Amino acid sequence: MSGKFKLVAPFKPSGDQPAALDALCAGVRAGKTNQTLLGVTGSGKTFTVAAMIERLQLPALVISPNKVLAAQLYSEFKTFFPENAVEYFVSYYDYYQPEAYIPSTDTFIEKDASINDHIDKLRLKATTSILTRPDTIVVASVSCIYGIGSPDNFSEMCLNIRSGQKADRRELTRALVDIHYERNELEFERGTFRLRGPNLDIFPADSETAWRVELGDTVESIKEIDPLTGEAISGRKEIWIFPATHFVSAAGEAEAAAAAIEAELSERLAELKIQGKLLEAERLGQRVRYDLEMIRQTGYCNGVENYSRHLAGRPAGSRPDCLFDYFSSGARGPGRQSAAPAGPRGDGRDFLLFIDESHVTVPQIRGMYAGDRSRKQTLVDFGFRLPSALDNRPLKFDEFEALRPSTVFVSATPGPYELGACAGDGVVEQIIRPTGLVDPEVKILPVTGQIKALTAEIEIRAAKKERTLVLTLTKKTAEDLSAYLTEKGLKARYMHSSMDTLERLDVLGAFRKGGFDALVGINLLREGLDIPEVTLVAILNADNEGFLRSETTLIQISGRAARNLCGEVILFADRMTGSMERAMAEMKRRRDRQQAYNKKYGIEPRSIIKKFVEFEELRTQAKRQGILAAEPLPRGNMSRASVRALAEEVERRMKEAADNLNFELATELRDRLFEIREMAGIKAGTTRSKKK
């Protein structure tokens with residue numbers, strides 16, 4: 001842990017990379033807020049970003065549009081910076097259903113979530129590293145603009161234990177409880193502690209190893225131990241224990257927050273009663289008073305994030321603390337290894353921001369606030385939440401703009417926002433691939449007979465153990481085409497947004513390993529996914545002008561074939577659309593430039609060989625396959641339509657389990673289906689809605 005970034009790679013910058021690196025670093029040093037790295041697929045954009053971090057010696061936040069791409073980037077940065085702190089910060093929910101209310105059917109949906117314990121640990125580890133190490137890189141999804149606890153509270157409530165300090169077992173254990181650690185003598189896991197004779201064992205929430213503190217009149221020794229075997233790994237003179245959750249507050253602050261919540265409740269109840277909303281007032285009073293009791297007793301309650309504005313002492317309407325604030329607080333963090341390096345701005349934002357696949361990520365960031373606000377406003381209007389819950393939210397776009405430091409937008413197809421923000425000399429091109437690979441040739445075939453022609457093309461490549469990506473316009477077409485190809489003796493799978501993240505990762509993993517020949521999808525096979533084994537990208541109905549066949553989409557999709565020497569793109573179309581024409585012209589420009597470079601320097605193109613990396617950060621200890629069968633049935637006044645919808649979902653999963661030969665799960669789901677039908681008085685065979 002040197003405190004300095006050290007890039008480890010078997011190659012040096014080449015092609016366009018040196019010029020791009022020099023221009024981007026010069027821009028940061030000159031105080032430019034916005035720059036764009038326009039880099040084609042396979043040109044080594046990630047390596048350029050890594051080299052930029054090493055040259056500038058500044059902490060970095062890399063935002064990716066989804067968990068899969070974030071995991072891929074995280075793995076790459078871990079390889080490039082083995083001696084530095086490379087962290088992963090994405091939503092820790094494997095499954096998340098936010099609480100919501102539907103006035104038209106008087107339906108309240110309770111919050112339901114399945115938290116991935118491993119990702120929760122990685123999130124805590126990320127904030128700990130930011131606060132304690134100047135050599136930190138965090139790869140995050142867009143969830144990093146959502147509110148988390150105050151970095152000041154998180155840092156100030158950190159427990160410091162030093163060898164030789166006066167030891168009071170009661171005070172130490174009370175301090176651990178205050179930062180949400182639990183005593184557990186039976187199951188020693190993250191966020192717990194135990195007392196064994198003179199030893200206090202602490203399993204930090206952000207670590208894989210634990211601490212053993214030997215107590216006498218003073219702290220006699222501190223050892224890092226294996227939490228399973230208890231064997232000592234190393235000795236330490238001093239340790240810092242960070243809170244087990246990002247939402248923490250001191251005892252005095254919790255009481256002050258409770259008083260503020262109580263005052264807001266009284267004011268809101270008066271408003272509701274004046275409006276004649278007696279039911280809403282009663283509902284709100286019961287819920288908030290229960291939460292208040294929990295906060296006063298433990299400093300925490302379920303849904304505590306809805307009171308985050310009061311707990312942080314922020315004024316109404318102010319933005320929540322988010323990951324950006326931890327970077328700004330980093331130099332003040334406890335246990336900091338060394339002073340943060342001097343940055344180019346000098347305004348407390350001395351870190352770099354990279355927005356990967358910016359043409360997708362920026363619109364996501366721009367749209368997150370409005371959707372969140374709409375759902376919560378309904379909860380407030382109908383007495384399920386206090387108005388202050390509206391301040392637990394993602395950043396507004398103007399707040400994001402005001403917070404971000406020197407930023408590099410990274411994309412092969414930058415959007416209008418980036419190009420506008422970087423007008424002038426802010427766009428840096430990285431067109432040349434060090435491997436010498438050129439953009440794939442594009443062939444246009446007629447729509448009539450496209451399935452037959454596609455099947456023949458896939459067969460040719462399957463015989464050579466090469467892979468094919470196929471892009472359709474709808475989920476139904478993707479599923480049907482996958483089934484058709486399978487019937488023809490080819491190994492094919494489909495992938496679309498109805499599949500959960502883990503299932504999509506499994507499909508991609510099997511595809512890269514050669515488990516099947518063709519992967520059929522809609523819009524999930526575009527940005528950033530590295531599948532060097534693909535030699536053919538086939539786009540059905542390419543002349544259907546629109547979002548799924550725009551210039552940007554066509555270039556991004558075609559880029560999936562740009563990592564293999566034999567890469568080819570087939571567009572099935574009966575006419576030349578404007579998007580097709582512009583996309584093909586841009587790909588030709590890039591191809592001509594690469595070919596001229598190869599000829600000048602005598603470069604022989606070669607396919608990219610990339611080791612397959614399992615995305616363990618997205619794994620969970622338990623799959624949710626059987627959860628639906630095990631969960632108790634919802635009780636209360638469910639509408640008949642809601643019960644019918646639930647029955648349809650259970651029936652669908654039952655048939656799916658049977659098709660997959662998982663008869664045990666299918667049997668459990670069948671029994672559950674019978675119970676639902678009996679509860680609602682629905683006859684067998686009537687759960688499916690009739691088509692008119």
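**Cavities and a helix crossing in a predicted model**

Q: How many cavities of 30 Å³ or more does the count come to?
A: The model examined here is a predicted one. A cavity is a set of points where a 1.4 Å probe fits but cannot get out, and with a volume of 30 Å³ or more required, the count of cavities comes to three.

Q: What volume does the largest cavity have?
A: The largest cavity is lined by 16 residues, and G149, S150, F247, S308 and A312 are those that lie nearest its centre. By class, this lining has six nonpolar, eight polar and two charged residues. The volume of the largest cavity is about 140 Å³.

Q: Which helix gives the largest share of the lining of the second largest cavity?
A: The second largest cavity has a volume of about 70 Å³, and the residues that line it include I555, Q556, S558, M587 and R590. The elements that give two or more residues to this lining are helix 17 and helix 18. The largest share, three residues, comes from helix 17.

Q: Which residues in helix 17 meet helix 18?
A: Helix 17 passes helix 18 in a right-handed crossing. The residues of this contact divide into five nonpolar, two polar and four charged. On the side of helix 18 they are S579, M580, R582, A583, E586, M587 and R590, and in helix 17 they are E551, L554, I555 and S558.

Terms used
Residues numbered from 1 in each chain as written. Predicted model: local features only at pLDDT ≥ 70, side-chain atom pairs only at ≥ 80, totals over all residues. Heavy atoms only, no water. Left-handed = near helix turned anticlockwise from the far one by under 90°. Helix = DSSP H or I, 4+ residues; strand = E, 2+ residues; numbered from the N terminus. Contact = heavy atoms within 4.5 Å. Nonpolar A, V, L, I, M, F, W, Y, C, P; charged D, E, K, R; others polar. 1 Å grid on protein atoms, 1.4 Å probe; cavity = no way out; pocket = protein on both sides within 12 Å on 5 of 7 lines; lining within 4 Å. Points joined across faces, edges and corners; volume = space filled by probe spheres on them.
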